[in-house]
Amino acid sequence: MGFNCGIVGLPNVGKSTLFNALTETAAAESANYPFTTIEPNVGRVPVADPRLDGIARIGKSAKIIPTVLEFVDIAGLVRGASKGEGLGNKFLANIREVDAIVHVLRCFEAEVTHVEGSVDPVRDAETVETELLLADMDSVERQLDAATKRARGGDKEAKARLAVLEPAAEALRAGRPARSLKITADLLPLFRQLNLMTAKPVLYVANVEEDAVATGNALSAQVIAMAETQGAACVVVSAAIEAEVAGLTDTVERGDFLETLGLEESGLARVVRAGYALLDLVTFFTVGPKEARAWTVVRGATAPQAAGVIHSDFERGFIRAETIAYDDFIACGGEQGAKDAGKMRAEGRDYLVKDGDIFHFRFNV
């Protein structure tokens with residue numbers, strides 16, 4: 001089960017620089033002209049979790065394996081992308097395939113060419129959102145027409161789809177993204193089938209110059225204010241500095257460099273953490289002498305579904321999940337101590353995974 005965030009924005013806002021820093025590679029070329037990135041680049045980034053070190057230490061694990069989050073560097077959108085301008089159709093198709101959107105906005109003045117001729121992050125955000133909205137509206141209108149005709153003929157499935165298509169069409173016509181809709185739990189599966197880009201959660205990344213990385217600037221303040229009105233998250237970073245940090249292999253050297261900039265942690269760490277939160281994920285752990293490992297599931301996943309992330313046979317033959325909460329595992333000095341203290345629980349098929357659960361799955365196939 002993979003989860004990914006698509007990095008989007010206008011050309012020359014720092015998307016590829018941020019992606020390169022995230023993945024600590026030069027897989028995505030950065031240059032001072034639009035459409036440098038023609039094919040989406042994909043990087044798998046470990047999600048730092050200090051709990052894993054404690055679990056591994058107590059479990060005397062030989063190896064530590066963190067969970068990962070995928071980031072997809074999607075080439076820059078331009079005004080008119082919904083009509084095929086630039087490489088619009090291909091880019092929009094790539095955005096449809098991701099779970100969440102990391103929207104990079106340029107908040108720095110420089111000689112680097114801006115496709116709109118001036119720097120205005122709120123305008124840029126509205127430009128991209130409008131293109132996604134127009135593309136969604138075209139898709140929904142076509143689906144609505146087809147479903148309406150079939151519903152008139154008595155098609156029950158089409159009638160059910162109208163329950164999500166009609167409110168989606170109404171919102172999009174009014175210029176509101178699909179994520180603004182309040183969809184009831186019973187209709188969520190049908191709503192997700194629409195695969196609307198404006199339904200995906202958004203994280204704004206305000207890309208500032210080096211001098212503003214600790215405090216932000218007037219432009220990033222505009223982005224933060226915009227995000228607050230939308231109920232969205234926002235992280236302020238300097239992609240250029242993050243590229244420098246990524247190039248430092250020594251942990252102490254990285255820490256010293258960040259300290260000189262007035263930062264406690266890298267912007268990338270905050271982006272990864274915010275992306276993880278954006279997808280509403282929870283982490284569970286497995287531990288043994290060979291490895292301590294973090295795994296990811298969507299909040300609300302059941303114990304068998306968590307088992308299935310490890311191996312499909314675990315889910316198919318699920319019997320029970322021997323479960324210890326992270327705090328209990330640490331306080332009791334590991335599995336045996338937790339068991340002796342009555343802190344190990346046997347959970348069944350209906351158990352909902354909690355963040356920090358340490359599992360040992362029993363199964364039979």
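Me: Which residues of H1 are buried?
Reply: In H1 the buried residues are Lys15, Ser16, Leu18, Phe19, Asn20, Ala21, Leu22 and Thr23, where buried means under 20% relative accessible area, exposed means over 50%, and partly exposed covers what lies in between (1.4 Å probe, protein chains only). That makes 8 of the 9 residues of H1 buried, and the helix is mostly covered. Keep in mind that this is a predicted model, in which local features need pLDDT of at least 70 and side-chain atom pairs count only at pLDDT 80 or more, while totals for chains, interfaces and linings use all residues. Residues are numbered from 1 along each chain as its sequence is written, and side-chain values use heavy atoms, with hydrogens and water left out.

Me: And Thr17, buried or exposed or partly exposed?
Reply: Thr17, which belongs to helix H1 (residues 15-23), counts as partly exposed, at 22% relative accessibility.

Me: What follows H1?
Reply: H1 is followed by Glu24, which has a positive phi near 50 degrees.

Me: Where is Asn12, and what is its phi?
Reply: Asn12 is found in the loop between strand S1 (4-8) and H1, and its phi is positive, about 65 degrees, although the residue is not a glycine. Asn12 is buried, with a relative accessible area of 14%. Lys60 also has a positive phi, near 50 degrees, in a residue other than glycine; Lys60 is in the loop between helix H2 (50-59) and strand S3 (63-65), and it counts as exposed, at 69% relative accessibility.

Me: Stepping back, how many helices and strands does the protein have?
Reply: There are 14 helices and 12 strands, taken as DSSP runs numbered from the N terminus (H or I of at least four residues for helices, E of at least two for strands). Of the 365 residues, 48% count as buried. Among contacts with a separation of 6 or more, 69% come from residues 24 or more positions apart, a contact being heavy atoms within 4.5 Å.

Me: What angle do H4 and H5 pack at?
Reply: Helix H4 (residues 121-152) and helix H5 (residues 156-173) pack at an angle of about 145 degrees, with their axes 9 Å apart. The axes are lines fitted to C-alpha atoms, for helices over the stretch in contact, and the angles run from 0 to 180 degrees between N-to-C directions.

Me: Left-handed or right-handed crossing?
Reply: The crossing of H4 and H5 is left-handed, a label used if the near helix is turned anticlockwise from the far one by less than a right angle, with right-handed used if it is turned clockwise. The contact includes Leu133, Met137, Val140 and Leu144 of H4, and Leu162, Leu165, Ala169 and Leu172 of H5.

Me: How many residues of that contact are nonpolar, polar and charged?
Reply: The residues of the contact of H4 with H5 divide into 12 nonpolar, 2 polar and 8 charged, where Ala, Val, Leu, Ile, Met, Phe, Trp, Tyr, Cys and Pro count as nonpolar, Asp, Glu, Lys and Arg as charged, and the others, Gly among them, as polar.

Me: New topic: how many aromatic pairs does the structure hold?
Reply: It holds 7 aromatic pairs, and rings of Phe, Tyr and Trp (its six-membered ring) pair if their centres lie within 6.5 Å, with planes under 30 degrees apart counted as stacked, over 60 as edge-to-face and the rest as tilted. One of the pairs is Tyr351 with Phe359, which is edge-to-face at 6.3 Å centre to centre and 90 degrees between the planes. Tyr351 is buried, with a relative accessible area of 9%, and Phe359 is also buried, at 4%.

Me: Which residues do the ring pairs link into a cluster?
Reply: The cluster consists of Phe284, Trp295, Phe318, Tyr351, Phe359 and Phe361.

Me: Which residue lies over the face of Trp295?
Reply: Arg293 does, at 4.2 Å from the ring centre, and the charged end of Arg51 sits over the ring of Tyr326, 6.0 Å from its centre. A charge sits over a ring if NZ of Lys or CZ of Arg is within 6 Å of the ring centre and within 35 degrees of the ring normal.

Me: Last one, what does Ser266 touch?
Reply: Not counting residues up to four places away in sequence, Ser266 touches Glu242 and Leu258. Ser266 is in the loop between helix H9 (251-260) and helix H10 (267-278), and it is buried, with a relative accessible area of 16%.
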